[in-house]
Amino acid sequence: MMLVPTNQEPLNCACVIHGTGYDWIYVERLYNMLCRYLSRPVKLHVYTEADRYVPGHMIKHSLQDWGFGGPKKSWWYKLQLFNTEHHCGPMLYFDLDVIIANNIDWIWQLNQRHFWSIKDFKYLWKPNFTGSNTSIMWWDTTKYDYIWQTVVNQDINFFVHKYRGDQEFISDAIPITQRRFFHTEWVKSWRWQCLDGGYNFARRKYLSPGTGTTVDKDTSILVFHGSPKPHEITDAAILTRWQ
């Protein structure tokens with residue numbers, strides 16, 4: 001029988017900050033949003049370089065240095081989240097470039113037997129696509145420790161050259177029978193679903209150019225893949241939420 005935590009038990013959340021792609025303010029803003037939109041206390045685990053300062057109200061995890069970084073490779077460090085030497089048990093992970101817009105208690109109530117992620121936004125023009133987008137993940141690290149064991153027993157560069165990114169590797173390594181996707185109305189692409197009425201892929205144009213960001217009442221999270229990032233946007237709907 002699965003035990004559902006009470007609202008008084010802290011929820012273990014995580015992020016990864018590596019290199020210079022994101023300023024520390026992204027970690028602080030994520031922590032603020034988690035505290036604002038979760039009814040449970042938040043424990044934020046920060047996976048980062050050994051020499052980066054992390055304040056005492058967060059939990060620091062020093063990343064193993066794989067000798068690479070930058071915007072096209074730093075995402076591979078997310079695989080170290082699966083190392084149970086850092087944390088054993090349920091974990092809720094967020095990329096730094098997300099905005100939480102409404103309550104997200106529904107996430108921790110999802111069945112922990114499965115690995116939960118976003119359905120990759122390619123489904124917007126490829127309805128049958130079943131790849132995972134790992135901008136948000138909810139899973140039990142002990143159940144999926146085999147991901148880390150697969151990585152640690154091989155040169156990481158083998159995976160870097162074989163796959164286009166961590167989420168392609170994870171989609172391949174975790175069988176589709178074990179993967180589940182968050183409701184597509186609750187987690188959306190800002191650029192393709194919320195900006196200017198949404199993007200029409202068939203016509204290759206926005207439906208309502210110049211209208212800015214619209215956040216439906218059912219939308220809990222906005223994902224900012226690509227550019228621009230939240231700190232570069234002046235839209236009031238973003239400014240009032242990213243703080």
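**Stop 1: the largest pocket**

The largest pocket holds about 1200 Å³ of space. To find it, select P71, W75, D95, Q167 and H225, which are the closest to its centre among the 42 residues that line it. Then colour β1, β7 and α5 (166–173), the elements that give two or more residues to this lining. By class, the lining of the largest pocket has 14 nonpolar, 17 polar and 11 charged residues.

Before moving on, note that this is a predicted model, where local features need pLDDT of at least 70 and side-chain atom pairs count only at pLDDT 80 or more, while totals for chains, interfaces and linings use all residues. Residues are numbered from 1 along each chain as its sequence is written, and side-chain values use heavy atoms, with hydrogens and water left out.

Some terms used at this stop and the next need their cut-offs. On a 1 Å grid over the protein atoms alone, a pocket is an open set of points with protein on both sides within 12 Å along at least five of seven lines, a cavity is a set where a 1.4 Å probe fits but cannot get out, and lining residues have an atom within 4 Å of a point. Points are joined across faces, edges and corners, and a volume is the space filled by probe spheres set on them. Ala, Val, Leu, Ile, Met, Phe, Trp, Tyr, Cys and Pro count as nonpolar, Asp, Glu, Lys and Arg as charged, and the others, Gly among them, as polar. Helices (H or I, at least four residues) and strands (E, at least two) are DSSP runs, numbered from the N terminus.

**Stop 2: the cavity**

How many cavities of 30 Å³ or more are there? The count comes to one. The largest cavity has a volume of about 40 Å³. Select its lining: I118, K119, F121, Y123, F182, H183, T184 and V187. Five of these residues are nonpolar, two polar and one charged.

**Stop 3**

Show the cartoon and select β6 (115–119). Two strands pair if DSSP finds at least two bridges between them. β6 pairs with strand β8 (residues 179–181) in the parallel sense over three bridges, and S117 has F181 as its bridge partner in β8. With β7, β6 runs antiparallel, joined by four bridges; here S117 stands opposite M137.

Next, select strand β4 (residues 90–94): four of its five residues are buried, so the strand is largely enclosed by the rest of the structure. Strand β1 (residues 11–17) pairs with β4 in the parallel sense over two bridges, with L92 of β4 as the bridge partner of C13. Five bridges join β4 to β7, and these two run antiparallel. In that pairing, P90 stands opposite D140 of β7.

**Stop 4: the rings**

Rings of Phe, Tyr and Trp (its six-membered ring) pair if their centres lie within 6.5 Å; planes under 30 degrees apart count as stacked, over 60 as edge-to-face and the rest as tilted. By this rule there are 23 aromatic pairs. Select W125 and W192, an edge-to-face pair at 5.3 Å centre to centre with 85 degrees between the planes. W125 lies in the loop between β6 and β7 (132–140) and W192 in helix α6 (residues 190–194), so the pair ties together parts that are 67 residues apart in sequence. W125 is partly exposed at 37% relative accessible area, whereas W192, at 19%, counts as buried.

Which arrangement do the rings of W190 and F224 have, stacked or edge-to-face? Their centres are 5.1 Å apart and their planes at 20 degrees, so the pair is stacked. W190 is buried at 5% relative accessibility, and F224 is buried at 1%.

For a group, select F82, F115, W139, Y144 and Y146, which form one aromatic cluster.

**Stop 5: a loop contact**

Finish at D196, in the loop between α6 and β10 (199–200). D196 is buried, with a relative accessible area of 13%.

Definitions and conventions:
Buried < 20%, exposed > 50% of the residue type's maximum accessible area, 1.4 Å probe, protein only.
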